[in-house]
Amino acid sequence: MNQDLPQPSFLPSFLASLIPLFFYSVIIAGIVLWLAPRKGQSQLWALAVLIPCVGPFVLFYFLSLTDKKVLDDIADLKKQIETEKPPLQ
């Protein structure tokens with residue numbers, strides 16, 4: 001065997017395999033940045049998406065929350081119902 005040939009490095013192939021994970025995290029972070037104000041949450045949640053394997057869980061958490069506008073509308077309806085209650089007979 002010829003000892004003069006350079007051995008392939010593990011690091012460049014490892015870094016190349018992380019590129020799709022990076023793009024995936026950026027896409028999910030963009031979705032979380034868009035969803036956070038609608039759900040009444042902080043946009044800092046997008047930083048948690050950059051932790052590997054945490055992004056899908058954060059995204060599913062945001063998708064499961066009810067929109068803030070809907071919650072505000074329900075609160076307004078409750079106030080209207082309470083102020084319009086008929087007197088007891």
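Colleague: Is Leu71 buried, partly exposed or exposed?
Modeller: Keep in mind that this is a predicted model. Leu71 has a relative accessibility of 45%. Buried needs under 20% and exposed needs over 50%. The value falls in between, so Leu71 counts as partly exposed.

Colleague: Which helix holds Leu71?
Modeller: Look at the run covering residues 68–83. Leu71 is found there, in helix H4.

Colleague: How far apart are the C-alpha atoms of Leu71 and Lys39?
Modeller: Along the chain, Leu71 and Lys39 are 32 residues apart.

Colleague: What pattern does the chain follow along the sequence?
Modeller: The secondary structure comes to four helices and zero strands. Read along the sequence, that gives α-α-α-α.

Colleague: What percentage of the residues is buried?
Modeller: The chain has 89 residues. Buried means under 20% relative accessible area. By that cut-off, the buried share is 17%.

Colleague: What share of the accessible surface belongs to carbon and sulfur atoms?
Modeller: The accessible surface of the chain comes to about 7600 Å². Carbon and sulfur atoms account for 70%.

Colleague: What share of the contacts with a separation of 6 or more comes from residues 24 or more positions apart?
Modeller: Take the contacts in the chain with a separation of 6 or more. Residues 24 or more positions apart account for 52%.

Colleague: Now the rings. Are Trp45 and Tyr61 stacked, tilted or edge-to-face?
Modeller: The count comes to four aromatic pairs, this one among them. The ring centres of Trp45 and Tyr61 are 5.5 Å apart, with the planes at 40°. Stacked needs under 30 degrees and edge-to-face over 60.

Colleague: What is the geometry of the Tyr61 and Phe62 pair?
Modeller: Tyr61 is partly exposed, at 34% relative accessibility. Its ring and that of Phe62 are 5.6 Å apart, centre to centre. The planes are at 75°, and the pair is edge-to-face.

Colleague: Is Phe62 buried or exposed?
Modeller: Ring pairs link Trp45, Tyr61 and Phe62 into a cluster. Within it, Trp45 is partly exposed at 35% relative accessibility. Phe62 has a relative accessible area of 0%, so Phe62 is buried.

Technical notes
Residues are numbered from 1 along each chain as its sequence is written. This is a predicted model: local features need pLDDT of at least 70, side-chain atom pairs count only at pLDDT 80 or more; totals for chains, interfaces and linings use all residues. Side-chain values use heavy atoms; hydrogens and water are left out. Helices (H or I, at least four residues) and strands (E, at least two) are DSSP runs, numbered from the N terminus. Buried means under 20% relative accessible area, exposed over 50%, partly exposed in between (1.4 Å probe, protein chains only). Contact means heavy atoms within 4.5 Å. Accessible areas come from the Shrake-Rupley method with a 1.4 Å probe; for residues, only the protein chains shown count as cover. Rings of Phe, Tyr and Trp (its six-membered ring) pair if their centres lie within 6.5 Å; planes under 30 degrees apart count as stacked, over 60 as edge-to-face and the rest as tilted.
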